[in-house]
Amino acid sequence: MAHIPDGVLSAPVLISGALVSTGLLGVALRRLREAELPQAAVLAAAFFVASLISVPLGPSSVHLLLNGLMGLLLGWAAVPAIFVALLLQAVFFGFGGLLVLGVNTLNLALPALLVARLLRPMLQRMAELSSPQQRRALMIGGTAGVLAVLLTGLMLAASLVLSGEAFWPAARVIVLSFIPLALIEGLVTGIVVAFLLRVEPALLRLDGGRHGA
Amino acid sequence: MLAEHGDRLAGFDPRARLILAALLALTVVSLQTSSAGSIALLAAGAIARLGGVSPQRLRYLLPLELLMLVLLLTLPFSVPGTPLLTFGPLVASREGGLLALLILFKANAVVLILFGLVGSLGAGAAVHALARLGLPSKLCQMLLLTLRQIDLVGDEYARMRLAMRARAFVPRSDRHSWRALGWLIGMLLVRSLARARRVADAMRCRGFDGQLRLPQRLRWRRRDTLLLLGALPLLAGLLLLDRWGWGGWTGWAESRLAGGV
């Protein structure tokens, strides 16, 4: 439910979302060098496919957002990756909408960028070490997953509430439903990061020659 | 890829279809009455039909309806207005119900418009038209590459999933399953990175220099201009109806009944 459909949000929210997303996308594209395009595109495709996996949770199942993991692995390139995924989902799968694309991108990309800023340098330093520390990788991945999903949930709720006071109950339902999602996302992201540290630490060091987020 | 069969709008320039889709979406989103919303939904259904959207595709609308359900269940109680139903201390208002209905109509209408006008173009043609309309070339390249790779990475995923099934993996809500799925995602990423390196090498071998080359030439014809010009008065009419109205369906029915008596 991370994709808000069209027709729900008010014009000021839609316009601010579109403006900020366009700005972020502009910065991200400028930082993305041509040589890195294939890599960013293939990883974006991988995240798209991985987000379709249904993960059992209690009596039902959930789909992961993976924006925390994207922030960790892709840094700024997470922004176009998220935008591309959302555009394709809106046009071909009916998730989300056209005019809300900006808000939806922002709600997923901003947490990814925050994770990239806070946790990515730690992870990259750890990937340089000769003796990998599984437990810390699990912690960093877990924090990234929980943080990104909770932030996305809050931003989603904020987009609704800023569009109208009447959305308060719906926003509350959404935030509540994001808490179990954040926990499972944290767990799986931690497992993925620990796995990558063991199997392919190069994936954790992708930075295209630029340091920092 | 992903193109629909029986697209009866294929005669129009893809750019005209994208512009029309944006105009329609903008109009639909700015509607304020559920009566106008219902007309928009009917029109969007007709457009989807013209675009040859198959009924199977409509099942993609289900996740959307889940969020709609949350709104339909909460909005009547959170919008103050004329009471319609009362459950103990909870009062469902007519205004809240109408607002929920309006949102339901608008959200579905926009998705149907996108399916009919953009989705049915097929991904390649749609991105092509976006590039011609001025979307940054890096973004277009990423769209095209990602689209292609989703198919390939999807195959890779299906293969790995099959291997897990062959080892009797059944996903359950336990630690073992979550770890297995985490490793699956990790492995998918590892293989994707290897694939990305091969793709990048292959692209360089074929002289990739970061430029986006668009081999097809699009032709904007008079009918494309006419399509857009024809749509404008219809959209304006819908907006006028929405603002000054004809009293909505109930008002319309009442006036018909009054006239009949």
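Two residues count as in contact here when their C-beta atoms, placed from the backbone, lie within 7 Å. This is a predicted model, so local features need pLDDT of at least 70 and side-chain atom pairs count only at pLDDT 80 or more, while totals for chains, interfaces and linings use all residues. Residues are numbered from 1 along each chain as its sequence is written, and chains are lettered from A and ligands numbered from 1 in the order in which they are written.

**View 1. Where chain B meets chain A.** The contact draws 67 residues from chain B and 52 residues from chain A. H7(B) gives the most, with 18 residues. Sorted by type, the chain B side comes to 48 nonpolar, 14 polar and 5 charged residues. For that tally, Ala, Val, Leu, Ile, Met, Phe, Trp, Tyr, Cys and Pro are nonpolar, Asp, Glu, Lys and Arg are charged, and the others, Gly among them, are polar.

View 2. Met142(B) sits in helix H6 of chain B. Met142(B) is buried because 25 other C-beta atoms lie within 10 Å (buried takes 20 or more other C-beta atoms within 10 Å of the residue's own, exposed 12 or fewer, partly exposed in between, with C-beta atoms placed from the backbone). Leaving out residues up to four places away in sequence, Met142(B) touches Leu37(A), Ala40(A), Ala41(A), Ala44(A), Pro80(A) and Val84(A).

**View 3. Helix H5 of chain B and what its buried residues pack against.** H5(B) covers residues 123-132, and Ala123(B), Ala126(B), Val127(B), His128(B) and Ala129(B) are buried there. The buried residues of H5(B) pack against helix H4 (78-93) of chain A, along with H1 and H6 of chain B. After H5(B) comes Gly134(B), with a positive phi near 105 degrees.

**View 4. Chain B, zoomed out for context.** Chain B has 9 helices and 2 strands, running α-α-α-β-β-α-α-α-α-α-α from the N terminus. Of its 261 residues, 37% count as buried. Among contacts in chain B between residues at least 6 apart in sequence, 77% link residues at least 24 apart. The C-alpha atoms of chain B fill a box of roughly 80 × 60 × 30 Å along the principal axes.

Terms used:
Helix = DSSP H or I, 4+ residues; strand = E, 2+ residues; numbered from the N terminus.
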